[in-house]
Amino acid sequence: FQWTWALHLLQRMLCRDRIAPDVICCNSIVSACARASKWRLALALVPVADEVTLSALCCASEKGRAWRSALQLLRQSLQRMLEPEIMSHNSCLIALQSRWRHLL
């Protein structure tokens with residue numbers, strides 16, 4: 001499992017090596033968690049650092065059909081003056097679509 005390996009490396013970086021993960025590392029962790037449907041874990045572990053991280057977190061929310069999380073991420077990005085990429089908007093819309101289908 002890639003997500004468990006990614007978390008192991010993150011723990012090692014933080015605890016043993018005392019290295020702060022950079023944006024690329026955080027984005028890789030989010031992507032690994034998203035592929036394994038561990039979107040809650042990705043949202044809990046990784047802060048929105050840049051537009052790429054935002055996109056990866058929105059994608060993770062999409063895969064988990066977590067429309068509230070996706071909307072909250074977009075709201076946070078606007079508060080932080082980040083400009084969401086098209087992929088972030090698309091992921092948010094797909095997550096919302098799962099909600100609307102449920103209501104109809």
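Author: Let us begin with helix α4, residues 51–63, which has 13 residues and reaches 18 Å from its first C-alpha to its last, close to the 18 Å expected at 1.5 Å a residue. This is a predicted model, in which local features need pLDDT of at least 70, side-chain atom pairs count only at pLDDT 80 or more, and totals for chains, interfaces and linings use all residues. Residues are numbered from 1 along each chain as its sequence is written, and side-chain values use heavy atoms, with hydrogens and water left out.

Reader: What makes a run of residues a helix, and how is its expected span found?

Author: A helix is a DSSP run of H or I with at least four residues, numbered from the N terminus. The expected span is 1.5 Å times one less than the number of residues. Just after α4, arginine 65 takes a positive phi of about 55°.

Reader: Why is cysteine 59 called partly exposed?

Author: Buried means under 20% relative accessible area and exposed over 50%, with partly exposed in between (1.4 Å probe, protein chains only). Cysteine 59 has 25% relative accessibility, and therefore counts as partly exposed. The buried residues of α4 include Leu54, Leu57 and Cys58.

Reader: Why is asparagine 90 called partly exposed?

Author: Its relative accessible area is 34%, so asparagine 90 is partly exposed. Asparagine 90 lies in helix α6, residues 86–103.

Reader: How many disulfides are there?

Author: A disulfide is a pair of cysteine sulfur atoms within 2.5 Å. By this rule the count is 0. Cysteine 59 is in no disulfide, as the nearest cysteine sulfur, that of cysteine 58, is 8.8 Å away.

Definitions and conventions. Helices (H or I, at least four residues) and strands (E, at least two) are DSSP runs, numbered from the N terminus.
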